[in-house]
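New notebook page. I want to get my bearings in this structure and jot down what I look up.

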Amino acid sequence: MKRSRPVLLIAPSVREAWDDAIAPWFERVVPGAWKHPLPSLVVVPTRGHVNDLKMRLIAKGSSHLGLQFATPASLRALLARDDAALAAEREHLRLLLAIAASEIENRPNDSEALAAKAVARAPALLLRALDRLETAGWKFQELGLSSFAPVVQRFNELLKKCGLVLPGEADRKRLQERARGRPEFSHVLITGFDGAHWAEWFLLRSAVALAENATIVLEEPRQNFSDVDLCWIGSWEEVCGEARRSPRATTSLGDSLFSEMEMRGGVETAKRFDFLIGTNFSEQAEAITRQCVRYLADEKCTRLGVIFPGGGALPRLVATSLERLEISHNDGLAHIVPGIFESAEWQAWIELQRAPRLNSFLRFLNALPDPAVVSPQISRQVFEKILRDCYKEVLLDDLELLQEFCATRVDRKFQSAAEVLRALPFLPPRATLAQFLEQTYAALAHLNWKQHALELVNVARDWSQRLDAKFSRALFLRWLEETAATAESARSAAGDHPYARVQLLTVARAQNQEWSHLILAGWNEGAWPPRAGAEFARPEEIRSFNRSVQQLNKRAARQGSQGEGHTGVRENHSLYLGPGEQRAIASRRFDALLESVSEGVTLAASLVQEDAPERFWNPSECFTELYLKTRREPLTQTTLKNLRRATALLPKPAGVARDVQQTLIAFNTRRDPSKPAGEYDFALRPNESYRPVPTLSVSDLERMVSSPAIIWMKRYLGVEAREDVANPWAATTGKWVHHWLANIIEARDRRIFSAFPSLKEIDNRIRLAADERCAELRHLCDLLGKVVPDWWNSGWLNARYLARHLGAKIGGAKGWKWMATELSVGRDGAVKIADGVELELHGQIDLVLAQNDAASFAGQKIWIVDYKTGLTRELKVSDLHDNLVRGTTLQLGLYALAMRERGAAEVSVSIISLAVKNVASQLSVADLAPHTDVFADLAQMQRTGVFGMKGDIRPAFGYSAPYPAATLQIDNDILEDKWALTHPALVLEKEEWETW
């Protein structure tokens, strides 16, 4: 069939476009569409527009059998099937651009090197500009940005080598190749597009060129039109001929262009405007849902749109609230359902390959559903403990080094850990794309991830062999993350109704439709108009770039065939939409939304930001201006708070009844200061027979008096927060120093005590042990071709100095002839502290000095010494009770009382540190005798399982261990009252301020 000339229709509004152009087109085409050998096509900007047109057809009782509906993305995929050139995916183009930039990074020209580094780190920004320029028919060289020229030149070379083209170039070539080809569509209707869609210019023209009959319906520019919109219409007129106007567009406007109300600055409209303010997203979502219920109860509510600036938590909360109320709706934003490439184990594997370090490997190990795939011989917990212990020994976060260190241990479990790490495949630091993919398939096969391998087979099969350039592992992994995407959009059953009255959409998807009511949700500062995104160059270069683009747009536009004032783009060109044009388009879309409403509009915003609750969040410009225009008063902070109170008073719809009585009981009980800790306060029920008595470490007992809830969760629930390894040097230094000081004595040969060595022997043995540690690490690094870092040497020298300093203080002790190091306590059962007071504990005394060599402690005079590598001061008899309750003296107090019960005649304790000058006895067991009730209360806590809670969860000043489970903070005064009722012996005698 011979092609007819395309028909261009221009209507003043959405309604006129439907009545005068779109509906007649459907009436003419639909009856015979299913009979025609070629399909009929309807092209609209968004899926929301597709649903709107289908809903209109259903309302008229008309079918759309034989019609295909397409958005630009689906139309491009439809037309690309017969393309000779391969249009690359965005992620492939980003990889090639990053490779090109990485090859230029080390050039001597500073400006070129800096530009290349910026592009290598964020290639998407420059790629976006290149694609827009290509679509507009220009080359990057015409902009005069010399710093980026080498990167772009190399990028074009890689594109040519791989046989790929930019999407804009593919659209333009497609139009040139198929303009005179055979038709592929019988009828084509294009509607809803405007000056915001210059990126689709060649794509839409291809659809027109492939149609036997084409109709293009455009909307008349509004009062805030720009040259971009006029050029859009003029360019279509150059393709289709002079546009036909809707008959209603010529209606007389009357004697005046403005009504009296409009001339006074008001708005002449029957619409009702409401403004809702919630404290946060949760409150705002609840208010939006209540407003939806109010609107739906109005008989005039034929179509309700809830419009969001974009996806995120707010649309998800609104959709969930509507589902809870069983309100059918179309969730146009949906929510993401992760696939295999969004799983925790895949993300952890990517991170492990990017940085083969301890924490990344442990995250990967813990993310695996079945760790036996990696570690069949040892459990996950044992494996993690082995690696953490090894790291604390070497303090170099390198998985290859940890593997060799494990291999040097004689323990079979350490050997197994080394074998697991050795067998785990890792990607090389640099390789070609084909080599990287080959290694990736080998790694997936090792993990038995067959589905992952199948999904990756077709990722770059057509061009990976053509790319012979080597590049870094980081670039490959970033590309792999972007390419391997299996996430899908999902909706609840209540939100999967495309033709429902309630539509949840973005601003773009809500355009070119009619609404009876609109709710503009999340209209805070920066939401709409959206903030300008990051750019590929420095601000001054971007300003120069934008000036060049404006000149290119002027060169692309020309006078149209209809004479002066009629403009259109030159052949093979389109316009480039810069930041200014995009902001103007965003403002126009907002105005278009307001014009499309017939009854009521609601704008909603939050008072605080979700990611920074302490920061006030202003409404957007659109919100503020519309409030001023409709309410005739400014939007002040006081007004916002009043709106927040009024929003909270909206009628609450009846929902599904939920039993929250038990939650309320727990809430009130935890906040009752007149009752001791009970089952809701980290305690076992007092009337239950189940009473496990966990064995506690001495460190646990110290923390029981400061953070009892954390120890209770650790020992009774088996949960604890991850260890903070951000700065492990303090802990490792202490471990090294204690280990080296433990070697100052000769082998005991199953005896308790060894002879007290001389000061010179102590120093020699400390230096020997410390030097062995350094030599061992140097040997491992030499095996792997690595160098021991200077910072490691500095930390080791500091630990060596501390050990020698403390050793010198020990060597200066007089009157003691025998000593024992690292003496275990509690290994043989419960430790008796006093009559009727026993604790299930385990600990290790750093140093015990004695005057006589004996097989037991009976009748001995004993001095217990505890090493501190910090600046801990000596123990004092004053305020001993409070020091025990704070935990600072508790450890040595437990050891002293345990030694007394083992028969020692005299027991004294001391701390030795850099801050302690005189090495002598600091406390005696006699000093501890009056405070036995403190230890008795601790024993009762262990026996009954009733701990309680104490202190701030996140103190404003100082450090507190993180809670492993979500826990609500209780007022400190309440906690102190409950603690005093539960553990009266563990209450401070003096307030904190009294000890200053």
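Predicted model: local features only at pLDDT ≥ 70, side-chain atom pairs only at ≥ 80, totals over all residues.

**Entry 1: the whole chain**

I looked up the accessible surface of the protein chain and got about 48,100 Å². Carbon and sulfur atoms hold 50% of that surface. Next I checked the extent: the C-alpha atoms fill a box of roughly 115 × 65 × 50 Å along the principal axes. The chain has 996 residues, and 50% of them are buried. For secondary structure I noted 36 helices and 29 strands.

How much of the contact list links residues 24 or more positions apart? Taking the contacts with a separation of 6 or more, I find that such pairs account for 78%.

**Entry 2: helix 8 and helix 9**

Now I zoom in on one helix pair. Two packed helices are described by the angle between their axes and the distance between the axes, and I looked up both. Helix 8 covers residues 167–178 and helix 9 covers residues 201–209; their axes sit 8 Å apart at an angle of about 25 degrees. Angles under 35 degrees count as roughly parallel, so helix 8 is roughly parallel to helix 9. I wrote down the handedness of their crossing too: left-handed.

Which residues meet there? From helix 8 I listed Asp171, Arg172, Arg174 and Leu175. Across from them, helix 9 brings Phe202, Leu203, Arg205, Ser206 and Ala209.

**Entry 3: glutamate 200**

I stayed in this part of the sequence and picked glutamate 200, which is in the loop between strand 6 (185–191) and helix 9. Is glutamate 200 buried or exposed? Its relative accessibility is 16%, and buried means under 20%, so I put glutamate 200 down as buried. Leaving out residues up to four places away in sequence, I see glutamate 200 touching Pro72 and Arg76.

**Entry 4: arginine 15**

My last stop is arginine 15, in helix 1 (residues 14–33). With 48% relative accessibility, arginine 15 counts as partly exposed, because exposed would take over 50%. I then looked up how far arginine 15 is from valine 394: 74 Å in space, C-alpha to C-alpha. Along the sequence, arginine 15 and valine 394 are 379 residues apart.

Note on methods:
Residues numbered from 1 in each chain as written. Heavy atoms only, no water. Axes fitted to C-alpha atoms, helices over the stretch in contact; angles between N-to-C directions. Helix = DSSP H or I, 4+ residues; strand = E, 2+ residues; numbered from the N terminus. Parallel < 35°, antiparallel > 145°, perpendicular 65-115°, else oblique. Left-handed = near helix turned anticlockwise from the far one by under 90°. Contact = heavy atoms within 4.5 Å. Buried < 20%, exposed > 50% of the residue type's maximum accessible area, 1.4 Å probe, protein only. Areas by Shrake-Rupley, 256 points an atom, 1.4 Å probe, with all protein chains shown as cover.
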